[in-house]
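Thanks for asking me to look this one over. Could you keep the viewer open while you read, so that you can check each point as it comes up?

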Amino acid sequence: MGIDLNHGSGFVYGRIGHAISVSDRVNALIDAALVARNRRQTPRDYLGGSRIGEPCVRKLVYEVTHTPKDEGRDFDGAILRIFDAGHQFETLSIRWLRGAGFDLRTERADGGQFGFETAGGKLRGHIDGVIVAGPDVGLRWPVLWEHKALNAKSWNDLVKRGLRASKPVYFAQVQLYMGYLELETALVTALNKDTEALHHEMVAFDPPCAQALSDKAVDILRAAAAGELPARIAAAQDFYLCRMCAYAERCWEGER
Ligand code: SF4
């Protein structure tokens, strides 16, 4: 019996003779649809609280002013699938917490997200939820609730070192949220995407930290409005944050 290599194997052949599997073709379509959906979304015209802990203020000004990223540095299908999965994991954690008796509110009566906005709407935060009542676990309600879905390595590091040391951007996010929402405590639920293990860290409000973050936001918004670019975070482009930065080419243009 002959084998039809073009049709019976699940492979087709590209113009240069390489096999393109059915899987690759389906994935290309999925990722193209995700990228198209992402491009249709209206870009934020404000500084989000989830970004305030980013260490490079210049990068935050690029983000707030919608400066185009370097070529090929927009979110691709792989990262967009990770974002989508994070939302699904969050839905699961909400269900599990509510099932355990925690009164976790995640939406306003009109279906919108809880949050805050200030500086004429130029600084905003959208929270995952607030627990207003629940079993006695040593917390005084209400508490801000934030959820993070992490891979095993990142989750283990968080469990070992705590939010402040392990995830400073998330720590800054919850501090700013607590500051503007006048909450004294946050509960950060971290889900291990490999095992579905859960870790819950209580984070106390740190007023000087929240104030410093609020001041940082004002400086960023002022610079953005004035068309100014703050100093770079590093003296050379090979600094580890610059190597990962989607604005590195633009940022260091003319410096090499
Ligand atoms: S390349 Fe470096 S200095 Fe420039 S915006 Fe990015 S992180 Fe900041």
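The numbered points below go from the overall fold to the sheets, the helices and the ligand.

1. Before anything else, please keep in mind that this is a predicted model. The protein has 256 residues, of which 38% are buried. Its secondary structure comes to nine helices and 10 strands. Taken along the principal axes, the C-alpha atoms fill a box of roughly 75 × 55 × 40 Å. Among contacts between residues at least 6 apart in sequence, 62% join residues at least 24 apart.

2. Let us begin with the sheet of five strands. This sheet is open, its pairing is mixed, and the strand order is β4-β7-β8-β9-β10. The edges are taken by β4 (103-105) and β10; each has a single partner strand, so one side of each is left without a neighbour in the sheet. On average, and with direction ignored, neighbouring strands here are turned by 30° against each other.

3. Strand β9 (residues 185-192) runs antiparallel to β10, and seven bridges join the two.

4. Which residues of β10 form its covered face, and which its uncovered one? In this strand (residues 198-204), H199, E201 and V203 are on the covered face, while L198, H200, M202 and A204 are on the uncovered one.

5. Three strands in the order β3-β6-β5 make an open sheet with mixed pairing. Its edge strands, β3 (47-48) and β5 (115-118), each pair on one side only. Between β3 and β6 (residues 123-126) the pairing is parallel, over two bridges. If you want a spot to check, L47 stands opposite L123 in β6.

6. Is Q175 buried or exposed? With a relative accessible area of 0%, Q175 is buried. Leaving out residues up to four places away in sequence, Q175 touches V203, A204, F205, D206, C209, A210 and L213.

7. Next comes the packing of two helices, which is described in general by the angle between their axes and the distance between the axes. Helices α1 (residues 22-40) and α3 (residues 77-99) meet at an angle of about 75°, and their axes are 9 Å apart. Therefore α1 is roughly perpendicular to α3. On the α1 side the contact is made by D31, L34, V35, R37 and N38, and on the α3 side by G77, A78, L80, R81 and D84. By class, these residues divide into four nonpolar, two polar and four charged.

8. G77 lies in helix α3 and counts as buried, because its relative accessibility is 5%, under the 20% cut-off. Apart from residues up to four places away in sequence, G77 touches D31, L34 and V35. By contrast, 23 Å separate the C-alpha atoms of G77 and D45, which are 32 residues apart along the chain.

9. Finally, the ligand. Around the ligand you will find C56, K59, Y62, R232, I233, C242, C245, A248, C251 and W252. The largest share, three residues, comes from α9.

Definitions and conventions
Residues are numbered from 1 along each chain as its sequence is written. This is a predicted model: local features need pLDDT of at least 70, side-chain atom pairs count only at pLDDT 80 or more; totals for chains, interfaces and linings use all residues. Side-chain values use heavy atoms; hydrogens and water are left out. A residue is near a molecule or strand if one of its heavy atoms lies within 4 Å of it. Helices (H or I, at least four residues) and strands (E, at least two) are DSSP runs, numbered from the N terminus. Two strands pair if DSSP finds at least two bridges between them. Buried means under 20% relative accessible area, exposed over 50%, partly exposed in between (1.4 Å probe, protein chains only). Axes are lines fitted to C-alpha atoms, for helices over the stretch in contact, and angles run from 0 to 180 degrees between N-to-C directions. Angles under 35 degrees count as roughly parallel, over 145 as roughly antiparallel, 65 to 115 as roughly perpendicular and the rest as oblique. Contact means heavy atoms within 4.5 Å. Ala, Val, Leu, Ile, Met, Phe, Trp, Tyr, Cys and Pro count as nonpolar, Asp, Glu, Lys and Arg as charged, and the others, Gly among them, as polar.
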